[in-house]
Amino acid sequence: MSLKLNNVTKSFQDVKVIDGVDIEVGDNEFLVLLGPSGCGKSTILRMIAGLETVSGGSIHLGGRRVDELPPSERDMAFVFQSYALYPHMTVRRNIAFPLIMRQFRWWYHLPVVGGYFKRRIENSSDVREKVERTADMLALTKMLDRYPRTLSGGQRQRVALGRAMVRQPSAFLMDEPLSNLDAKLRTAMRAEITQLHRDVGGNFVYVTHDQIEAMTMGTRIALLRDGKLQQFGTPREIYERPANTYVARFIGTPPMNLIEAVVEGWAIRIGAALLPVPESAELPAGNGTRVWLGVRPGTLKLKAGAAPADSASLTGRVALIEHIGAESLVSVALDGVQTAHDDEGRHGDKVMAALPGYTDLGLGDVVTVTCDLSDFSLFAHDSGRRVGGSRAAKH
Amino acid sequence: MSLKLNNVTKSFQDVKVIDGVDIEVGDNEFLVLLGPSGCGKSTILRMIAGLETVSGGSIHLGGRRVDELPPSERDMAFVFQSYALYPHMTVRRNIAFPLIMRQFRWWYHLPVVGGYFKRRIENSSDVREKVERTADMLALTKMLDRYPRTLSGGQRQRVALGRAMVRQPSAFLMDEPLSNLDAKLRTAMRAEITQLHRDVGGNFVYVTHDQIEAMTMGTRIALLRDGKLQQFGTPREIYERPANTYVARFIGTPPMNLIEAVVEGWAIRIGAALLPVPESAELPAGNGTRVWLGVRPGTLKLKAGAAPADSASLTGRVALIEHIGAESLVSVALDGVQTAHDDEGRHGDKVMAALPGYTDLGLGDVVTVTCDLSDFSLFAHDSGRRVGGSRAAKH
Amino acid sequence: QSGKTVVTFAASHFAEVGRGDRLKAWVEKFNAANPDIEVKPVTIPFSSFASTIFTQLGGKGGPDLIRFDLPEFYAAAASNSVLPWDGVINDADYKFTSADKYLKINGKRYGVAFDTANYAMIYNAALLPDGKPPKTFDEFLTAAKAATKDGNYGFAYRATMAERGGAWYDVTNFVYGFGGRWSKPDGTPTFNSPEVVAGIAAYKQVYDAGITPKGTDAATYRRMFWEGKIATVVDNGGVATILTSQGKAHPISAAHSPFPHREQGMILAPITINANTKVKDAAAKFLRWMLEPKNQQELQTLLGAVNVATIVERTPEELKAMPWLKAYDEQTPYSVPALPQGLEVKSPEIQQIVVQQLLKVLQGGVAPQVAMDEAQRLVQTRVLGQ
Amino acid sequence: MTRPPSHDTAIAARKTDPSRWLPMVFIAPVTLYLLAFQFYPLVQQFFLSVTSTSLLNPGSSTFVGADNYRELLTDPEFAQSLRVTVVYTVVCVVGSIFLGLMAALLLDRPFRGRGLARALVTVPWAAPPVAAALIFTWMYNAQYGLFSRLSQFLGFSAGGVNWLDEPSMALPAILITTLWQIFPFSAVVILAALQGVPSELREAAVIDGADRFSVFKAVVWPTIRPTVTLLTLLITVWSLRRFDVIWLMTQGGPLGETNTLVIDLYRRAFVYLDLGKAAAVGVIGLVIAVLVTVIYFWVSQRTEAATGKR
Amino acid sequence: MARFHPFHAAAVLAVLGVAVFPLYWMFVTSLTPSDQLFADRPQLLPSLAQLPTYIEAWSGTSLRHWLFNSIIVAVGTTALSIVLAILPAYALSRMDFRGKLLFGFALFLTQMLPEAMLVVPLYDIFTKLSLLNTLLGLILANAAFTVPVVTWILKGAIDAVPYEIEEAARIDGCSRIGIVLAVVVPLIAPTLAAAAVIAFFHGWNEYVFAQTFISDDQWRTASVGLASFIGELSTPVHTVMAVGFIYTVPAVVFYLFVQRYVVAGMTSGGVKG
Ligand SMILES: Nc1ncnc2c1ncn2[C@@H]1O[C@H](COP(=O)(O)OP(=O)(O)OP(=O)(O)O)[C@@H](O)[C@H]1O
Ligand SMILES: Nc1ncnc2c1ncn2[C@@H]1O[C@H](COP(=O)(O)OP(=O)(O)OP(=O)(O)O)[C@@H](O)[C@H]1O
Ligand SMILES: [Mg+2]
Ligand SMILES: [Mg+2]
């Protein structure tokens, strides 16, 4: 079933927190919502689920307009960012609850009778099996008979996840469902969710802060900022052809370097250096256009010693070194070159390079920085819009 | 002030969730607690803070035994995993609360007088300035006069962080304080916390699931599993000389590959391949000892085509490719070689390689896998203990 | 069961521990003799008897037969809530006691006395000097003072608003005993007549003499009397019956009250027919049964030192068991209903005013004359609307 | 922490949405029930208050306009009863909430035998008013009551004081009895509210260096405040109409010192049988209660608005 | 952290002492020989020789019968008030509807009517509905008074239930009623227990209605039964005190019974934030 958000707007009191968002994904897509904290991801999810009205625009699911329907008629599963577990129910009940509700008859509300029937549904082999399979998948089997208040943060989050995964709704909405899990479990869960998506289909809308999750799980990513859609596309598009400097720096850790540059013919001038551009790339029209050259830290190479004058390389000084596992991150202060450090327009002179393994460079060392322009982007100096760069490689 | 956990044990009802943990860090150390979900990290933190009694053992802070002291006498700041914001106070009040409490005199409890003085403390330039600086650091300035329930998940988490950071206690305890923040903000926060640690000193105990946080911020890491300490050391030690297969696979994404191997003289045999070992490495005594060879995905190289027989390389088939940003992760099913996939001892035949950039390999391609043994570990086949490997490089 | 006509009968006696059961047994005799009628006792606690019955009467319900106290009787009769006894009995067939005259209003009978009780002084001879009852008020004061020692008291009466009803009877005895009346027979109030003021002053004299356990309620001081801690009380025959059974003060003695005049108040409790009844005939049948001499005799015996509707001679056994009965029976000619004559319907408000003024005299230090002038004024303006 | 749906919530009225009629369904049974059992009498009371009606004959009444009210308002005893009612109510509210809060806080902390202690504290409330009045009257007795004996023993007064008989002591005596009877009500309700205080918030406050009372003010009080406000209102309204204990112990005496509005009303209705005047007293009491309630609604709306709720 | 704190223990004992002492005194009085009541120094301990008073009170009166009726009335009042109050409480707390303020206000109005004023018109209604002399009638009359209180108290508790938990239930396919019954009700259990106690005690102690609407001995409740001992001429103090004491016990037992629901942390662990 396709999911379509049509110019959706949401205001709390007078504050617009979602501002005309258009998203359309086809059947069985896995949509990831990305964006900084407070940009409106949860709000969009809640509107899709029907927990929040839309202030403007419409939401369609499978061609049917749903934004006027109550949540119960939309048939969606939701993993809340705040878990929202039923504190008075065991983990087992929490997970089984949606299943019980599906088989519910009104007279189950009667005090004693209802309790009996609820327990009967819960103990029916079908429900039991489903719950236990889900629990097993989430490594919760040992905790099935405990209450949420005795669980650790990650365990609670898994229960929240289990409650959604046990169902087969027409859409899954997940709000940072893995944020409190360790890397190993998270990898496993990622695989489980991907598997679930493959098995049951349906639309997935997934909020995450984790770029790896976004990149590996999403078939489409919507990147938001302050309630406005910045870019909507496949992970690859977003990574390789970011629509503006904000997206460029938001995706990828460490973020893309933005270096002030000028287009000169089929080359790019940065300070004294002139970098030739591969033929396959696109460049904005107009010689002398001021742009931001965007290059990912991984494409920068460092060599000890200053660059020769008039070369295609830049000279800088090592300002900071961080070792993280298989990589070393080196921050280099460039000589006479401006870089953009943040989207508020504060400028600096540093670029970040990611080098494999442990580097032997030391703080303060003078280094030559070489850019590999097989993968770069150019952004307009004023608006920050993408105006050129390497074409996406064909795969 | 030094922090020492001496054989600390904690049981809930009959279940031991912390089992004889010994940790000792000196003054101004930044201790990171790592471990899978539910291993007991939050419990340790809560015991240090005094929110949970210890069932056995003792806790010392600055040489003084503190485990019998009430929390109020321990002077610690705590960031709760579940935030625990005061719902009826504005963000400003939430953050200012610890400061107000510090200047509190008993007679502020008097009805009208007290309200006046509290407001006076809150509005004193000192407190105001501190609160606003903290809010600014956390990008909360615009939300200072809102109530927690109108904040997004990440914003709430930042308020929780702010409430701790505004103080200058003798220890900071933080339970996954950045889990709900986006990568950019998280990087910024990481820097702020590191800065804070540098500025005010004191002990930091920090729970995280994020390896980058653990590696870059921690001066010491304690890795737990099921309430038992697995390894305690510097980030580097833990990454390069993991104490056992569990630690080896827990740290690093994707996790270290464990390949079944046999020590043969100064070389290691994997199936048909015989890999020479650098001189600087340590090997376990005894020829023919069965071990697990641990190599990080980043040290594996792939080449299209099968390896020549009797070479130092292995042959496999591409089983899965994931592109994540600057890297591609390729899972290769090796021919006739056992690998360990998880610590429960389920075995497989796949190894994971992390390749820079986009790879041109396709699913099912036959590849040659080459290991660079400048960085490896050997683990006993039965116990999983580290028994050899490359010596840590000197830096 | 189903064919029976049920007649409900409410009397506060039914709730009483001893007499209640005996009374029920007496009613059962009627039921046994009349298979087609069942008289069902309705227990209503004394404290809320009037309010409960009135609510039910106002709601067009309530028990078929009701034993009222005199003030409620007049109120009910005035509002036609109880039926006149036209055709129920023939007056000439019965030898009614003298109190019967108070139960006819404008010549119409609205009830007959279920029980009446006189007031006299009960005393514990052991506590009195030389064991003799005082005859005059001065003697009484002296004797009571002499008896007040060692935790014993010479006298006890009610002097609190919480026992407004009881206090009214007590003060009435004083007023009547000093020759006063609350009103003239035509209904002109005389609350500030010299005799009434003298009675009030005497009440106050007793209060100030410190010979009473102040504030102690009637139930308690009667128990104290029983325990031999009180020398004298002025109380009605029903109380005397209860006090006599056992206890340290046993045997009790009685004499006429130590006031200048012999007149005292009386308890007069008529039985009436509810105007809302649907079983008037069956109720009438019971009433006629009740008035049969044998049943009157039994009723008088089981109720103790009281009289019933008709004149029933005491049996020698009774007199032997309770020699003090004589003092009560001798009081009969001097018994006057405690209500202000001609103002009976207004008596609740009048009682409230008078007791309130009485308390002002006792506790507020107001002079009896001033207080009773005020009472007279209040009654005239507020109650009678003059 | 809860995030309320925004004011145009998902349950806002729409044609297809049951939220339009569902609330009506939810309140309908109670409304009908109360219409029959409470509002009908209420309306009738208004009607009666402008008539002259006898309890024995409520069916036939004569319209007298505002006469009842006029007479009441010029009656000094009625003025006194208003004064007594106000004093009685204020002390009841303040005292019972204070005592109830203290008891609830004490019983909220874990200790051995807490369950039993909580049950024992309800004893005064469980005791029937008749029994309470009896035992207190006995304890107030000048000669044999415990209070007198205690004060004699302590040397405060030589002779016994009859509390209920002494104009200056009667109201305090009634108040002590009432407070004893109703403080468990506040205690039980506050105790229930205390269970909703999130333990993590307490912990956070302790970590932030708050002393015990500050924890109370910062975390506990805000959570239970709506309950306490509600209690204030309930106890106010109930105190305005409390009858049994006072009637049984003093019937409004001595010298009208404990003569509250309801005692006055009761006497007029059931002793003087003047239902019309009694209804007028009731209506005046009602007006007072309504004023208090309006203040309550105003205060609670304001605090809800101040904390951003809805 | 359940450490023994002497101050706390002393305070608890003081509160319990205040609460229980008058009843204890009642017990002592009921077991004090009559002559000792007026002795120079009070007897502080009950004299067990007087225990037959209790046997007499228990078997010599209709006490058992009255208590049984009272229990039916109290339990019925409790059940009816809670059943009727839950939905409007939820509506007041969570729903927006026209006339909400008025409805909430009107609920309070019902608390202001003195029973004395109610009883007259109610008697009329009861006659028409044939509810006189039935326990059902008493239950209906009592619950009319407790329903509004219970509604408001429950409303306060529902206010404190996190919205997210309800939202989760809606997502899980729970109907509105289902949310109330399956999610909200268990979460407000402590307050529900308190509300049950309020209703129970009211039904247990109610006097005016029980007196006016019941004239058949068969349906008499204990409150009236107790009052009926207070006679015109005399009051059997020992019996009254003994009956009063016995009468208090079931209500306290009821509290013991429901108080296991008065447990902390009902809502903890549910949401984060
Ligand atoms: N009150 C309790 N009663 C029983 N078991 C508990 C209680 N609190 C925690 N546990 C258990 O103790 C273990 C450790 O919990 P803890 O919260 O310390 O985990 P954690 O390491 O912080 O996990 P996470 O990363 O998921 O937050 C968990 O298995 C949890 O289920
Ligand atoms: N009830 C509310 N009233 C006012 N503002 C609100 C309310 N709920 C959310 N907001 C604001 O709307 C914006 C979007 O909130 P939302 O929860 O959707 O953010 P988010 O993208 O999920 O952030 P996070 O990653 O931190 O969870 C935030 O700035 C938040 O402060
Ligand atoms: Mg969010
Ligand atoms: Mg944790």
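User: Which helices each supply at least two residues of the shell around ligand 2?

Analyst: Happy to start there, with the note that this is a predicted model. Ligand 2 sits between chains A, B and D. Among the residues that come nearest are Ser42(A), Thr43(A) and Gly154(B). The helices that each supply at least two shell residues are helix 1 (41-49) of chain A and helix 5 (153-165) of chain B.

User: How many residues of the shell around ligand 2 are polar, by class?

Analyst: There are 20 residues around ligand 2. By class, 4 of the shell residues are nonpolar and 4 are charged, and the number of polar ones is 12.

User: What share of the accessible area of ligand 2 does the protein cover?

Analyst: Let's look at some contacts on the way. Oxygen atoms of ligand 2 lie 2.7 Å from a polar side-chain atom of Ser37(A), and 3.3 Å from a polar backbone atom of Cys39(A). An N or O atom in the side chain of Glu176(A) is 3.4 Å from an oxygen atom of the ligand. Of the 640 Å² that ligand 2 has on its own, the protein covers 94%.

Notes
Residues are numbered from 1 along each chain as its sequence is written. Chains are lettered from A and ligands numbered from 1 in the order in which they are written. This is a predicted model: local features need pLDDT of at least 70, side-chain atom pairs count only at pLDDT 80 or more; totals for chains, interfaces and linings use all residues. Side-chain values use heavy atoms; hydrogens and water are left out. A residue is near a molecule or strand if one of its heavy atoms lies within 4 Å of it. A polar contact is a pair of N or O atoms within 3.5 Å; within protein, one must be able to donate a hydrogen and the other to accept it, and residues adjacent in sequence count only if both atoms are side-chain atoms. Accessible areas come from the Shrake-Rupley method with a 1.4 Å probe; for residues, only the protein chains shown count as cover. Helices (H or I, at least four residues) and strands (E, at least two) are DSSP runs, numbered from the N terminus. Ala, Val, Leu, Ile, Met, Phe, Trp, Tyr, Cys and Pro count as nonpolar, Asp, Glu, Lys and Arg as charged, and the others, Gly among them, as polar.
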